[in-house]
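Open the model in your viewer and get ready to select residues by number. We will take it stop by stop.

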Amino acid sequence: VQVALPVSGSANVLTVPSNVLLFRPEGARIAVVDAGGRVKLHAVTIGHDLGDLLEIVDGIAASDKLVLNPADSLADNDVVTLVQDKPAEPPKKAAL
């Protein structure tokens with residue numbers, strides 16, 4: 001017996017950390033930083049809540065730079081400074 005179940009979803013769904021989300025009276029927003037360091041709050045459509053991660057169905061692109069842990073006071077056109085991720089250091093070997 002073979003069973004085929006339709007699966008809803010799209011190949012365009014992005015997964016982001018849940019701590020990028022801002023809750024505003026007009027709905028869920030994610031702060032995106034443009035090339036000039038200015039913030040734009042994007043309205044987003046949330047797909048599945050995966051706990052620490054959220055599926056975002058619409059509103060941002062894979063190439064967007066997102067603000068982690070945005071302040072509630074963050075607004076459109078605020079200027080922010082980008083911080084680059086530090087590469088992980090290899091584990092140090094214990095001296096014998």
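This is a predicted model. Begin with strand E6, residues 53-58. Four bridges join E1 to E6, and the two strands run antiparallel.

Zoom in on one of these links. Select Pro17, then Leu53 in E6: the two are bridge partners.

You now have an open sheet of three strands. Read across it and the order is E1-E6-E5, with antiparallel pairing.

Where is Asp64 placed? Find it in the loop between E6 and strand E7, residues 65-66. Asp64 has a relative accessible area of 24%, so it counts as partly exposed; buried would mean under 20%.

Show the side chain of Asp64. It reaches the backbone nitrogen of Ala61 at 2.8 Å.

Then select Val32 and His42. Leaving aside neighbours within four places in sequence, Asp64 is in contact with these two residues.

For the last stop, pick Ala35. Ala35 and Asp64 are 29 residues apart in sequence. In space, their C-alpha atoms are 9.9 Å apart.

Technical notes
Residues numbered from 1 in each chain as written. Predicted model: local features only at pLDDT ≥ 70, side-chain atom pairs only at ≥ 80, totals over all residues. Heavy atoms only, no water. Pairing = 2+ DSSP bridges. Buried < 20%, exposed > 50% of the residue type's maximum accessible area, 1.4 Å probe, protein only. Contact = heavy atoms within 4.5 Å. Polar contact = N/O pair within 3.5 Å; in protein donor to acceptor, adjacent residues only side chain to side chain.
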